[in-house]
Amino acid sequence: MTTINVNGKDRTVDVEEDMPLLWVIRDVLAMPGTKFGCGAGLCGACTVHVDGEATFACQTPISAVGTAKVTTIEAMQDTPIGKAVQEAWVEADVVQCGYCQPGQIMRAAALLAKTPKPDDAQIDEVMSANLCRCGCYPRIRAAIHRAAAQGAVA
Amino acid sequence: MSTMPDTAVSRRGLLRAAAIAAPVLVLGIRLGGVAEAAGAPAPFKPNALLSIDGQGAVTLALPRTEMGQGVYTSLTMLVAEELEVEPTAIHIELPDGDPARFGKLGQGTGGSSSIRDSWEPVRQAAADARAALIAAAATHWKVPATELRAEQGKIVHAKTGKSATYGAFVATAAAAPIPEKTPLKTPDQYRVLGRRMHRLDSRAKVNGSATYGIDVMLPGMKVATISQTPVLGGTLANVDEAAAMKIKGVRQVVKLPDAVAVVGDHYWAARKGMDALGATWTDSVNAKLDQATIVAGYAKASEGPGASAMTEGGLDAALQDKTMAGAAQRLSAVYQQPFLAHAPMEPGNCVLHLQADRCEIWTGTQVPDAAREAAAAATGLPIEKVVLHNHLMGGGFGRRLEADFIVRAIEVAKQVKAPLKLVWSREEDTQHDLYRPYYYDRIEAGLGPDGKPVAWTHKITGSSIMARLYPKYFKGVDADAVDGSVKTPYTIPSQRVEFVRHESPVPTSWWRGVGGARSAFVVESFIDELAAAAKQDPLAYRRALTADPRAQAVLDLVAEKSGWHTPPAAGRARGVALISLWDTHMAQVVEVEKSAETGVRIVRVTAAVDCGTPINPLGIEAQIEGGIVFGLSAAMFGEVTVAGGRIEQSNFHDYRVLRINEAPTIAIHIVPSTQTVGGMGEPPVATVMPALANAVFALTGKRVRTLPIAKALMG
């Protein structure tokens, strides 16, 4: 049995130690907002926060989580930054298919928490961890600037 | 006057073949009024698309599938315009797969056809529903219908000031015949169309609540993953089933002739079980097949005779040859375009519950109607016993026009006594795709003394997707493969276009743009070569060669907006391309500079488009931005290759797509228009690939005729 803290709640699961956090979240905790894209840390669709750090859930064995606080897309609207990012995403019409967007939003929120007013180069550096096949990149940049301008971290 | 075979059937037409061939054929989408049981007012269902309940709430059963392209919003706008409601007030439902429900409109989504196919029938369905509600109100209020108007979901009688929501009239409307051919609004009356409308599906997609096929969970469901023969055409040899069964959470190993699946409590158990299996495979005749052999096959086939796809300037080939021979200057070239994977972000998957007498499926497919038929065939059940619940798709790009994800899941589920989710790994998705065909094009032109082409021959060699899927329509020319080559934007007095079908063991299918994008890369690159040979500005050269005022207008607009007539900054260069395809005219200018990593960095793309009446400019801009990034990924990096009979690429490290740091800034300019609507999913993909190659030529002097560009520049 392993206990991890997800979105503020302790959750105890009976899984093997090497099971990636992604599959614990999706298949055991039945929270499908976090997406499977590549299983290799190449696309960022599975990005969650582990103690506030944007993390590839597909590359994080549950044994490595320990007492860290895991936050997923399902809880982002409850945080000021998460809510500001989501609103900016809607206002800037970022989404197309939307499948990569939970991961994009998690990474953008982590970026803004550390860098409240990122420039394009800072956005590109951080957000290049996440792929979007629909090609929403110009709008992701615009939405991050929008969230930053609205004082996401106020 | 050009001549094309009358057997030319479009991809767009064939996508509706399932509906056309359905035994229960209805006229259009008019299924007639459906009066439900008496009691509380039953919803008014004037047709297959719309339902209006006693509260006046409108539900639209979306007749096209949503994979990101925005039909959720744009088709809703078509309804909102004619039904006189706000788009945001309409509840949108993704209907189950049904080959009969939508009649000729069908459900198949591809070929940049959603708006083009829906434009008339969807607006008509909404207009007729509005007329039915007005007629019902006229009956209720005993006033002439001509004194009534529909407005914001209400019927209003100005003379008396009476007003009531649509809900008040649904029972009466349902009992009366549905009006037909209600006049549609004219462009000056548009209230919704042309509005910059925010997407209606954003909220669920930013908070994680949007449900894709891969997210579906059923009580008691098991999760499986699959390995299919790595060598094309191989078969399963041995597996260490005991080793897999030792993994915690593994429940079952399912062996198929050419694949093996491991079933577990969750994906991770199935994944570990698959690794423990150590599956071995029996090679096929393809075991020694490599890319060079495949390409040599296309090259050789291209030397043989082709089927005539189009001829212009007399049917006499000898006369055409004479025109070519007499040209002042002759150029010829070979263009090669690689196999491409689709790589949607959501890997292949299907959830299903297969029982002895029925099968229920939850998945995301571009063809819910045809996929349900494929599922019926795979299960052996009558179609009435197969239910397909369609979902949002994490990207389609043509990949989800194929039903193999569903058929594979059925094959596995036949041996599993539980609801099942089959999830493909990214590696499996990449290596068992049905790829964009390899294309080998030979093209030649003769220029007159003024530098303009007087003769043009173009022979396209590639696999025929149509011949595989719809053999009865194939008469030697794949109408989709030659799309954009048989009709270019240019006036050339003598032309001959031929198609040679050549298949390799690599399976091929539709891919965002398919034949049109192939054509655009070749034709627009070669036109650039001709302009260079004629020592003329490539944009002005195109402008002078096209007689179409709409094509001329997008060239003029892109020239103005990109600063074409002002030299670029030092170290930068620009390229241009023009297409008239999918009923849309588009021109793009790509600006590039040198890069040590990939040979070229894409700085900026400017696009000008005339797609007829713009439904939602915000959506059009999204499609163009996204299509540009998608096309740049393919042009720069996209290539699937074979070694030892196996697909070499496996994940995003070796099937590279653009990342945000590689994405250019993009500016889009839409020509105002009230003309009939054009497609938007594919035009930007097709236009940007040659525009980039032309910019690379302007920058480096190197003409890239074999994609991808990064490989051509960097080796």
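Trainee: What do the buried residues of H8(B) pack against?
Mentor: They pack against helix H1 (21-28) of chain A, together with strand S8 (222-228), helix H7 (241-245), strand S10 (250-256), strand S11 (259-264) and strand S18 (420-423) of chain B. Contact here means heavy atoms within 4.5 Å. Helices (H or I, at least four residues) and strands (E, at least two) are DSSP runs, numbered from the N terminus.
Mentor: Keep in mind that this is a predicted model, where local features need pLDDT of at least 70 and side-chain atom pairs count only at pLDDT 80 or more, while totals for chains, interfaces and linings use all residues. Residues are numbered from 1 along each chain as its sequence is written, chains are lettered from A and ligands numbered from 1 in the order in which they are written, and side-chain values use heavy atoms, with hydrogens and water left out.

Trainee: What makes H8(B), residues 267-277, mostly covered?
Mentor: Buried means under 20% relative accessible area (exposed is over 50%, partly exposed in between; 1.4 Å probe, protein chains only). In H8(B), 9 of the 11 residues are buried, among them B:Tyr267, B:Trp268 and B:Leu277. Just past this helix, B:Gly278 takes a positive phi of about 55 degrees.

Trainee: And how do you know whether B:Gly213 is buried or exposed?
Mentor: Its relative accessible area is 0%, so B:Gly213 is buried. The residue lies in the loop between helix H6 (202-206) and S8 of chain B. Neighbours within four places aside, its contacts include B:Glu346, B:His391 and B:Leu392.

Trainee: Why is S23(B) called largely enclosed?
Mentor: Of the 12 residues in strand S23 (584-595) of chain B, 10 are buried, so the rest of the structure largely encloses it.

Trainee: How do you know which strands S23(B) pairs with?
Mentor: Two strands pair if DSSP finds at least two bridges between them. S22 (residues 572-581) and S23 of chain B have 10 bridges, in the antiparallel sense, and B:Ala577 stands opposite B:Gln588 there. S23(B) and S24 (residues 599-610) of chain B have 11 bridges, again antiparallel, so both couples pass the cut-off.

Trainee: What makes S2 and S4 of chain B edge strands?
Mentor: The open sheet runs S2-S3-S4 in chain B, with mixed pairing. S2 (50-52) and S4 (90-93) each have a single partner strand, so one side of each is left without a neighbour in the sheet. S3 (residues 58-61) and S4 of chain B pair in the parallel sense over 4 bridges.

Trainee: Last one: why is H3(A) called oblique to H4(A)?
Mentor: The axes of H3 (residues 101-114) and H4 (residues 120-127) of chain A come within 10 Å and cross at roughly 130 degrees. Axes are lines fitted to C-alpha atoms, for helices over the stretch in contact, and angles run from 0 to 180 degrees between N-to-C directions. Under 35 degrees counts as roughly parallel, over 145 as roughly antiparallel, 65 to 115 as roughly perpendicular and the rest as oblique. That is why H3(A) is oblique to H4(A).

Trainee: Which residues meet there?
Mentor: A:Gln104, A:Arg107, A:Ala108 and A:Leu111 in H3(A) meet A:Gln122, A:Ile123, A:Val126 and A:Met127 in H4(A).
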